[in-house]
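The sequence and structure come first.

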Amino acid sequence: MTDAFAFPDGFLWGAATAAHQIEGSPLADGAGPSIWTRFAHTPGLTHNGDTGDVACDHYRRWKDDVRLMRELGLTAYRFSVSWSRVLPEGTGRVNPAGLDFYSRLVDALLEAGIEPLLTLYHWDLPAALDDRGGWLNRDCAGWFAEYATVMAKALDGRVRKWVTLNEPWVITDGGYLHGALAPGHRNKYEAPIASHNLMRAHGAAVQAYRAVGRHEIGLVVNIEPKYPASDAPEDQTATRRAHAYMNEQYLHPALLGHYPPELREIFGDAWPDWPAEDFALIRQPLDFLGINYYTRNVTRADGSWPLKAGAVKQPSATYTETGWEVFPQGLTDTLLWVRRTYGDIPLYVTENGAAFFDPPVAEGGRVRDPLRIDYLRRHLRAVHEAIRAGCDIRGYMVWSLLDNLEWSLGYSKRFGIVHVNYATQQRTVKDSGRWYANVVRSHGRAL
Ligand SMILES: OC[C@H]1NNC[C@@H](O)[C@@H]1O
Ligand SMILES: [Ca+2]
C-alpha cells in the first residue's frame with residue numbers, strides 16, 4: 001500500500017530550532033544581552049557551565065545551514081528571533097544589524113523554497129526588560145507588542161506564519177516556579193503572575209501583528225498528556241490537576257477566555273483574582289496552534305510541591321536521554337484532545353524529537369542513530385493516525401535540525417537530525433537526517 005501514509009497536499013515538512021540554542025555571538029553587531037546570557041554565565045546554573053556564546057555558530061554559518069536544509073529537502077523551517085538582537089534594550093531603539101540578520105535568513109529560506117515559521121519569543125528575554133521586572137511587570141504586554149510590530153513591519157509577507165510564544169508553561173514552570181531556567185526564580189507567588197502576563201503579552205502581540213501583518217499568527221504550547229496510574233480517587237485528582245496545570249493553563253485562556261478551576265486549587269492564596277478585561281486581551285482569534293510533543297506522563301498522587309502529582313515509570317518502555325518515555329500514542333491522543341476541547345483550529349506539530357546517546361561520527365561521515373529513526377517514524381505515524389481521525393494538521397517540524405544548546409543541560413543532550421562537532425562546527429547529517437529527507441521526498445509514503 002503505497003498510500004498508507006499519504007499526507008495532505010501542502011503539508012509542511014520542517015525542522016525547528018531557537019535563536020539562543022544555535023546562533024552564538026549573543027552580543028555581536030550591537031545586540032543586547034538576554035536573560036540566558038546572564039543565566040548561563042552565572043556559575044553553577046548550567047551543565048558544565050555551558051553557555052550560548054558559540055553554540056552552533058549559526059549567526060555566522062547560517063548560509064551553510066540553509067544549504068543543508070535545502071539538501072534535506074525541507075519545505076519549512078521554524079526558528080526564533082532573538083528579541084535583544086533587534087531591540088537591544090527590549091524597547092525603543094532598533095539595532096539595524098540585528099534586523100538584517102533575520103531579513104537575510106528569511107530571504108535565503110525563500111530562495112531555497114523553504115517556508116519560514118517565525119517564533120517571536122523562545123525564552124531569551126532582553127536582560128534590560130528583566131531589570132524592569134520582565135514577565136512580572138504588566139507593562140510586558142506593551143513591550144512585546146512593540147517588538148511584534150517592529151518584526152511585522154520588517155518581515156511580514158516574506159514571513160507568512162508567525163508564532164507569539166514558545167511553550168509558556170516551560171517559561172513559567174522553569175523560570176519562575178522551579179528555577180531551573182532563566183531567570184531562575186523559585187516562587188509560587190510569581191509563577192501565576194508571569195504565566196498570566198505571558199498570555200496578556202501573547203494577546204497584545206496578536207493584536208499588534210493584526211494591525212500590520214496580513215498573514216497567519218498562532219501560539220505554540222508543549223502538551224504532555226497525563227494518564228492516571230490507577231483509578232484510585234487521589235490518582236484521578238492528581239492527574240486532573242497536572243493536566244490543568246501543564247496542558248489547559250494556556251490553551252484555556254487563549255481559546256476559551258478562562259482558566260481551568262484546578263489552578264486555584266493548586267496555587268491557593270498564590271492565585272490572584274484576575275481583572276476580567278485581561279481575558280478579552282488574552283483571547284484573540286488564532287490562525288493555528290503549534291503543538292510541541294515529546295512524551296506522556298503516567299500520574300499518581302504524591303507529596304510533590306505544589307502539584308502533589310508525580311510520574312510512574314513504565315517498566316517496559318524505552319526512555320530517551322532526557323528521561324522521557326517514548327509513547328507515540330500520546331501524540332495521537334493529544335492532537336485529538338486539542339480538537340475535541342478547542343475545536344477544529346488548524347494545527348502544526350511544531351516540535352517533536354528525542355535525545356539519544358549518539359555514537360561519534362564514523363569514518364566516511366556517518367552517525368548511526370536507529371533509536372531516533374524509530375522515534376520519529378512512530379511519531380509521524382501517530383500524526384497520520386490523527387489526520388485519519390479528522391485532525392486538520394498542516395505540518396510537522398522535527399526538533400531539531402541541529403544538535404544544540406539544551407538550555408540548562410548544556411550541550412550534553414543531542415536532539416539533532418544533523419550532528420554538530422562543537423570543536424570544529426562540522427555538521428554531519430545523521431542516519432535520521434537521511435531517513436527524514438526520504439520521508440519528506442516521498443511526502444510520508446516512506447513511513
Ligand atoms: O527539550 C527539547 C526542546 N523542547 N522544547 C523547547 C526547546 O527549546 C527544547 O530544546
Ligand atoms: Ca496509535
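Where is the place of Asp57? I found Asp57 in the loop between α2 and α3 (58-72).

**Ground rules.** I am working with a predicted model, where local features need pLDDT of at least 70 and side-chain atom pairs count only at pLDDT 80 or more, while totals for chains, interfaces and linings use all residues. Residues are numbered from 1 along each chain as its sequence is written, chains are lettered from A and ligands numbered from 1 in the order in which they are written, and side-chain values use heavy atoms, with hydrogens and water left out. Helices (H or I, at least four residues) and strands (E, at least two) are DSSP runs, numbered from the N terminus.

**Entry: backbone angles.** I noted that phi of Asp57 is near 55 degrees, a positive value in a residue other than glycine. Asp57 counts as buried because its relative accessibility is 6%; buried means under 20% relative accessible area, exposed over 50%, and partly exposed in between (1.4 Å probe, protein chains only). I then looked up Asp29, where phi is also positive, near 50 degrees. Asp29 lies in the loop between α1 (19-22) and α2 (35-40). At 45% relative accessibility, Asp29 counts as partly exposed.

**Entry: cis peptide bonds.** I looked up the bond between Ala182 and Pro183, which is cis, with omega about 5 degrees. Pro183 sits in the loop between α8 (168-177) and α9 (190-212). I also recorded a cis peptide bond between Trp399 and Ser400, with omega about 10 degrees. Ser400 belongs to the loop between β11 and β12.

**Entry: Asn404.** Is Asn404 buried or exposed? Asn404 has a relative accessible area of 2%, so I put it down as buried. Its side chain makes a polar contact of 3.3 Å with the side chain of Gln21. A polar contact is a pair of N or O atoms within 3.5 Å; within protein, one must be able to donate a hydrogen and the other to accept it, and residues adjacent in sequence count only if both atoms are side-chain atoms. The side chain of Asn404 also reaches the backbone oxygen of Leu402, at 3.1 Å.

**Entry: ligand 1.** Which residues are around ligand 1? I listed Gln21, His122, Trp123, Asn166, Glu167, Tyr294, Trp324, Glu351, Trp399, Glu406, Trp407 and Phe415; a residue is near a molecule if one of its heavy atoms lies within 4 Å of it. A nitrogen atom of ligand 1 is 2.6 Å from an N or O atom in the side chain of Glu351. An oxygen atom of ligand 1 lies 2.8 Å from a polar side-chain atom of Trp407. On its own, ligand 1 has 280 Å² of accessible area, and the protein covers 95% of that; such areas come from the Shrake-Rupley method with a 1.4 Å probe, and for residues only the protein chains shown count as cover.

**Entry: the calcium ion.** I looked up the protein donors of the calcium ion (ligand 2) and found Gln329 (OE1), Glu385 (OE) and Glu385 (OE), lying 2.1 to 3.0 Å from the ion. Gln329 is in helix α13 (residues 329-342) and Glu385 in helix α14 (residues 370-388), so the pair, 56 residues apart, links distant parts of the chain. Donors are N, O and S atoms within 2.8 Å of the metal (3.2 Å for Na, K and Ca); water is not among the atoms, so sites may look incomplete. Gln329 counts as partly exposed because its relative accessibility is 33%. Glu385, at 32%, counts as partly exposed as well.

**Entry: Asn48.** I found Asn48 in the loop between α2 and α3. Asn48 is exposed, with a relative accessible area of 68%. The side chains of Asn48 and His47 are joined by a polar contact of 3.4 Å. Asn48 and Ser408 are 360 residues apart in sequence and 9.3 Å apart in space, C-alpha to C-alpha.
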